[in-house]
Amino acid sequence: MSDEVAQPDVAVTMGTEEVFEPSEEFRAAASFADPAIYEIAEADPEGWWESWAKHLEWSEPWSEVLRWDAPWAKWFVGGKLNVSANCLDRHVAAGNGEKVAYHWVGEDGATRDVTYRELLATTEKLANVLKDLGVEAGDVVGIYLPMIPEAPAAMLACARIGAVHNVVFGGFSAEAVRERMATSNAKLLVTADASLRRGEPMPMKAALEDALTQLPELKNVVVVDRTSALEGASDVDVPMTEGRDVWFHEAMEAAHDFCEPVALDSEHPLFILYTSGSTAKPKGIQHTTGGYLTGVSATHRMVFDIETDLDVFWCAADIGWVTGHSYIVYGALCNGATSVMYEGAPDYPHKGRFWEIIQKYKVTILYTAPTAIRTFIKWGREIPDGYDLSSLRLLGSVGEPINPRAWLWYREVIGGERCPIVDTWWQTETGQIMISPLPGITATKPGSATRPFPGISAAVVTSKGEIVEEGGGFLTLRRPWPGMARTLYGDPDRFVKTYWSRFGKDVYDVGDAARIDEDGYFWILGRTDDVINVSGHRLSTMEIESALVSHPQVAEAAVIGQSDEQTGQAITAFVTVDGSADPDDAMKTELAAHVAEKIGKLARPQRIIWSDDLPKTRSGKIMRRLLRDIAEGRELGDVTTLRDPAVVGLIADRVAAGEED
Ligand code: WTA
């Protein structure tokens, strides 16, 4: 990270100084209402996490809570357990087999209530399918599925036999799947014939065909039939290669019913999940069994103050992101909660879809992203006002900074001024929520994630690593926690370099800027590295640049995140084309399609600015700060260190004149 990008992109207006205390009513009903929890955890963090680990079912106890050889952590050393047994079998054994794990709502309006018993049965059979196809403990299994109950079942089936899942978000392209399968040496992929997009099937399996031929390590593909039975939907082509591809339903029919969960070492890898970093190559964040499950179940229980017999929890994220992993699947199931799982978009077939679902299932806790809230604001309050949202008792936010205006709207319009809001800050790397209010304890300020979760140590530091008591700087985490990433798959050096070097090998460098206020409250301001956050989706500027320059007519490209009222940040690309291309609208469309093919539609630039040259330092580094200033029409800062100071003036003039083409 250079000093040049030390300033965050996202400006959060502090706005209101209003403070909201939890209501007496909420506090009285809350399981966690005693602020002493913070002191107890702080006095003995290891003992604190150990008390949470004891809520899990272990087949062998641990001999040591934490072995910390910075930056390498081992939690619950020597302990053995199985994640799927903790998420399923023990609830069924306790007599809760008929309890609903997921109220599933399909995009097409289909619904399915999946009980814990049913989810266990599917998981066991699917684990046998994987075993029959030769998958063994430690093997990597890719999962590229829509939001259907088979997705959590596939994750749990892997966990049952010790295979390591690698879920790829359904919005990523075939090329992104190929890259993630290749770099993780995946042996098998679970996918679907198609996903649904506004009522129409979008082929998944067929789109993967080319990619699959380039994956010699990948022996089998299991294909879920999502769409063939849908009335009125067009048929999709599903090429099946004999010996490699099998239909999910056929393989399931042939598989045995029972599959013993394997007792796995606490540090056995549970999954890898690729996320974007400062380079073009995504990072395979690796999480483990015992610590991760402890971290996500503890935070799910406390941050949402969940009462599993009363609550209906809806985490409206996608399973392809860490939020889905931790709070749709592992945290929620481990706690025996009932969740809603929704396959589609918030505006299909109409803009009241979320509120209709909340009304129907009497959802008590909604956990969603600020970008969704801002979209609802734009659509107008008449839409949610038309539904009965009185079942809601708690609201959550995740994925990006929430601006105070959106926070206040969420509280008033959705929460009826009765529901506390938990703004939860965390990352793929942290595995679990790290900074968040506890709703029965913490007074909230709109836009602040408030305080570190009990047992977590966070601080804002200067670029030299000195702790800032009050003011802005770099966010750091200063003590290991059970859900922390253990390494980057296949690249431990990059793990150390990226996270555990800048401020010392025992201080985790988050990559976010933050401000700490006079009450010790944290205000997350945004990324300080070359990562941008579009609608809560984390993307790397370098990855998009490398996709752009892989187009034969692109000579050079620089990508920045530009503030956007709707999506938080939007992608702006400065592109230099070679002499054979016409920099016109047709070329813009072509480049957007090219990026969609390389990464996914979510990475398409919203704005392309043609430029003959890019502002660079004398050493050849692109000055992104200047590009951001140009894109947002700000006064340009110091340009004297540029190799060719005239360049910025030329681009800025062009942008100002609206002559981007
Ligand atoms: C941002 C998502 C402000 C932050 C769970 C972080 C947030 C990145 C918040 C991680 C929040 C996440 N307030 N910013 N409540 N939650 N972020 O890995 O920049 O997809 O570093 O994990 O999202 O994104 P990731």
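Which way does the crossing of α4 and α11 go, left-handed or right-handed? The crossing is left-handed. This is a predicted model.

**Two packed helices**

- Two packed helices are described by the angle between their axes and the distance between the axes.
- Helix α4 covers residues 83-96, and helix α11 covers residues 322-334.
- Their axes lie 8 Å apart and meet at an angle of about 55°.
- That angle makes α4 oblique to α11.
- On the α4 side, the contact is made by V83, N86, C87, R90 and H91.
- On the α11 side, Y330, L333 and C334 make the contact.
- By type, the residues of this contact divide into 5 nonpolar, 2 polar and 1 charged.
- Helix α11 is mostly covered, with 13 of its 13 residues buried.
- Just after α11 comes G336, which takes a positive phi of about 70°.

**Aromatic pairs**

- A pair of aromatic rings is described by the distance of the centres and the angle of the planes.
- The count of aromatic pairs comes to 35.
- One of them joins F304 and Y327, with ring centres 6.1 Å apart.
- The planes of F304 and Y327 stand at 70°, and an angle over 60 degrees counts as edge-to-face, so this pair is edge-to-face.
- F304 sits in the loop between α10 (290-303) and β16 (312-315), while Y327 belongs to helix α11.
- The pair links distant parts of the chain, 23 residues apart.
- F304 is buried, at 0% relative accessibility.
- Y327 is buried too, at 0% relative accessibility.
- W314 and Y342 also form an edge-to-face pair, with 6.3 Å centre to centre and 85° between the planes.
- W314 lies in strand β16 and Y342 in strand β17 (residues 338-342), so their pair ties together parts 28 residues apart in sequence.
- W314 is buried, with a relative accessible area of 1%.
- Y342 counts as buried at 6% relative accessibility.
- Ring pairs also link W68, W72, W481, F495, Y499, W500 and Y508 into a cluster.

**A buried alanine**

- A153 is in helix α6 (residues 150-161).
- Its relative accessible area is 1%; buried means under 20%, so A153 is buried.
- Leaving aside neighbours within four places in sequence, A153 is in contact with L119, T122, T123 and L126.
- The C-alpha atoms of A153 and D265 are separated by 21 Å, and these residues are 112 residues apart along the chain.

**Cis peptide bonds**

- A70 and P71 are joined by a cis peptide bond, with omega about 0°.
- P71 is in the loop between β1 (64-69) and β2 (72-77).
- Y348 and P349 are also joined by a cis peptide bond, with omega about -5°.
- P349 is in the loop between β17 and α12 (353-361).

- R198 is a residue other than glycine, and its phi is positive, near 50°.
- R198 is in the loop between β9 (194-197) and β10 (200-203).
- R198 is partly exposed, with a relative accessible area of 37%.
- S535, also a residue other than glycine, has a positive phi near 55°.
- S535 is in the loop between β26 (531-534) and β27 (537-540).
- S535 is partly exposed, with a relative accessible area of 22%.

Definitions and conventions:
Residues are numbered from 1 along each chain as its sequence is written. This is a predicted model: local features need pLDDT of at least 70, side-chain atom pairs count only at pLDDT 80 or more; totals for chains, interfaces and linings use all residues. Side-chain values use heavy atoms; hydrogens and water are left out. Axes are lines fitted to C-alpha atoms, for helices over the stretch in contact, and angles run from 0 to 180 degrees between N-to-C directions. Helices (H or I, at least four residues) and strands (E, at least two) are DSSP runs, numbered from the N terminus. Angles under 35 degrees count as roughly parallel, over 145 as roughly antiparallel, 65 to 115 as roughly perpendicular and the rest as oblique. A crossing is left-handed if the near helix is turned anticlockwise from the far one by less than a right angle, and right-handed if clockwise. Contact means heavy atoms within 4.5 Å. Ala, Val, Leu, Ile, Met, Phe, Trp, Tyr, Cys and Pro count as nonpolar, Asp, Glu, Lys and Arg as charged, and the others, Gly among them, as polar. Buried means under 20% relative accessible area, exposed over 50%, partly exposed in between (1.4 Å probe, protein chains only). Rings of Phe, Tyr and Trp (its six-membered ring) pair if their centres lie within 6.5 Å; planes under 30 degrees apart count as stacked, over 60 as edge-to-face and the rest as tilted.
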